[in-house]
Every structure is written in structure tokens, then in C-alpha cells.
Amino acid sequence: MTTGHVTPAFWKGKRVFLTGHTGFKGAWLAHWLISMGAEVTGYALAPNTDPALFDALELSDRLDHHVGDIRDADTFRTTLLQSRPNVVLHLAAQPIVSEGYADPTGTFETNVMGVVHLLEACRALENPAQVLVISSDKCYRNDNSGRAFAIDDPLGGHDPYSASKAGTEIVVGAYAASFFAKGGPVQLASARAGNVVGGGDWSLNRLVPDGARCFSTGVPLVLRNSLATRPWQHVLEPLHGYLSLVEAMARDHSFACPWNFGPVINTHESVGRVAELMAGAWGADARIEITTNAQDWEEAKTLDIDSSVTLDKLRWAPVLDLATTIDWTVAWYRAFYGAPDSAAVRAVTQTQIDDYVALQSRRS
């Protein structure tokens, strides 16, 4: 079986324990897994935005839905073990840089101790399983040099969120070395992804959700850091990578290690350029304003990750350039705001997954 692709037959009937299924990436992933016939148990806090993709896709009726906090070690452990998972996908996290400044204690508790709770539970699994912890490209010690961070670069963080993601990776590395030896029944890996965009994200202080909210109501999108650059990618790109990585781990335990999932095809661009592309795709009613007012928190001015090892060994590669990524994202939001009902949302979501899978299949 060729690596780097998602095989629906692998996922059909698989018992998947998915944390963070009520979030943006988690909801996309839950829908995709369900569409392939996986039996999904979800564990997460209730959606923290209104609207929320989880609600729009009516996922609470389509999987085994548990509302819980990963900081609650006992409840978390009981729920995970009762699901008897073949695959564990850990997406639950505090994902916002600004929230890390507002609540550093909660950020470290969730992003570091939450992973400890997950892996302690996985140590008690009685059946073979692949465990994938989703981290972030912000786990690397960033000197704002603009160079792409390789998988063996030093970990670190100048703000609570980034430091907590470095902590996530340190915990995973320690458990992999101490408790999940290669060749054992449980394989453990981590995935570090770049900035993701796509329809259905309504998080605060993120460029694309802010743009969708503003453009849909005729309000200008105000940019504070228009020159900051990020490795933008459509949400389906890393999700495809996560799924193909799990399949590879199941076949070959040497894949149980850290991986970078970042864009490589002309998608590393400035905030200002992405806003311009989004406004152009939205139409004449979309307006952008740039302000010199400083925001209340600091974050990296430039960020990029080197995915060459992933491309070479896993044979995963992104297929959407930046213009297509923004076009698909705007099309999703346009469909939602044009007819905000579950049938329409599920249709555009599934169509984009199907179109993406078709592009990936042609890559080989």
C-alpha cells in the first residue's frame, strides 16, 4: 500500500476516539471519518463559538458525543477506555495565542497536562492502537529569522501558548521513549501543522473567521499585523496528512515519531495578501482597513516549517495553492450564509472533501 494517501477501507468500522471534535479542525475530521464509516467517539468541551461547525454539521447526532474537559483525568480516562479505540486522535487544546496571555494557567493545564492525561489513559489500553497527538508549528523556538523549522530544531516559546505546545511535544517524546516502544501494541506520534484555514471556523482573533464575519455583514476587516507571514494551508491538507500517517503507523511502526505538516506550494504569504485574496473572492462588498494601533499581545512576525521529511518518507504532499485555498474557504462561508441549514453545510463540506480526495488521487 502506498503511503501518503487515505484509504476509506482502512477506516470503515474503526473505533476512533477523537478529542476536540467540537472545534473547527475536529468537526471537519469527525465528518470525514464518519463519511468513511468509522465509529467515532468524541470527547471535548461544548463548542465555544456561535455559530459552530459542530452544530452546523449536526455531529452530536452522528457520533458518540461526550462533553468533558481533558483536565478531568478520571472522566477522560474512563471515557477513552470504554470506547476501546483502535485509533486515538488528540486535537483538544487551547489553540489561541491571545487566550494564552489571558489565561496562562488554563493554557498550560490543557495543552500540557491534558496530553499527560491522554497518554496515561492510553497506557492502559488492552488492544493495539495508533495514537496521534496534534501539536503546532508554534512549538519551535522562534527567532523570527524567517527560516523554515525542521523537525529536529529546538523546541521553545516566548509566549504561554507557544511554550505550552513545546511542552506538548516534550511530553509526547518522553512517553514515546519511556512507555510506547516501537513494536509495542500502541504506536505514538505527533503532528506539527502550520496555520489552517477553511469554512466553518468562527474563532476570535483569527484572520479568516474575522474576515468572514466582517464581509458577511458589510463591516470592514481591520488588520493590525498586515506584514506578518504564516504558512497558510486549507484544513483538509493536514487532516489528510493525519489520516495517512495513522494508516502508515498501522503498517510500519517506524512512522511513530514527530512530523511536520506545512504548505510547500506558494502558500507562505503575509496577512495583508491573504486578506486581499479573501476580499477579492468575496466580492465588491468586502472592505479592508489597516490600523497602526497595537494589539494587546505579542506573537511571531514570521513562521514557517520544513515538511521535506514528511514529503520524502510519508509521501504526503499538499495539493491546494493559496488562491484555491481561499476560493474554497470563501465558497464554504458563502454557502453557509446563503442557506445556514445542516443539509447545505453538510453538502458543501462533503463536496470539498470529495474534490480534495480526487486531487490527491491524481497526485499519484
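## Contact between helices H10 and H12

Contact here means heavy atoms within 4.5 Å. In this predicted model, the contact between two helices, H10 and H12, brings together Val 274, Leu 277, Met 278, Ala 281 and Trp 282 of H10 with Leu 322, Ile 326, Asp 327, Val 330, Tyr 333, Arg 334 and Tyr 337 of H12. Sorted by class, the contact of H10 with H12 comprises ten nonpolar and two charged residues, with no polar ones.

## Packing geometry

Two packed helices are described by the angle between their axes and the distance between the axes. Helix H10 spans residues 271–282 and helix H12 residues 322–338; their axes lie 9 Å apart, and the packing angle is about 50 degrees. H10 and H12 are therefore oblique to each other, since angles from 65 to 115 degrees would count as roughly perpendicular and those under 35 degrees as roughly parallel. The crossing in which H10 passes H12 is right-handed.

Rolling a probe the size of a water molecule over the atoms shows where empty space is left. The count of cavities of 30 Å³ or more comes to one, and the largest cavity has a volume of about 40 Å³.

The lining of the largest cavity consists of His 90, Ala 92, Ala 93, Thr 110, Asn 111, Val 115, Val 133, Ile 134, Lys 165 and Thr 168. At least two lining residues come from each of helix H6 (104–123), strand E5 (129–134) and helix H7 (160–178). With three residues, H6 gives the most to this lining. By class, the lining residues of the largest cavity are five nonpolar, four polar and one charged.

Technical notes:
Residues are numbered from 1 along each chain as its sequence is written. This is a predicted model: local features need pLDDT of at least 70, side-chain atom pairs count only at pLDDT 80 or more; totals for chains, interfaces and linings use all residues. Side-chain values use heavy atoms; hydrogens and water are left out. On a 1 Å grid over the protein atoms alone, a cavity is a set of points where a 1.4 Å probe fits but cannot get out, and a pocket is an open set with protein on both sides within 12 Å along at least five of seven lines; lining residues have an atom within 4 Å of a point. Grid points are joined across faces, edges and corners, and a volume is the space filled by probe spheres set on the points. Helices (H or I, at least four residues) and strands (E, at least two) are DSSP runs, numbered from the N terminus. Ala, Val, Leu, Ile, Met, Phe, Trp, Tyr, Cys and Pro count as nonpolar, Asp, Glu, Lys and Arg as charged, and the others, Gly among them, as polar. Axes are lines fitted to C-alpha atoms, for helices over the stretch in contact, and angles run from 0 to 180 degrees between N-to-C directions. Angles under 35 degrees count as roughly parallel, over 145 as roughly antiparallel, 65 to 115 as roughly perpendicular and the rest as oblique. A crossing is left-handed if the near helix is turned anticlockwise from the far one by less than a right angle, and right-handed if clockwise.
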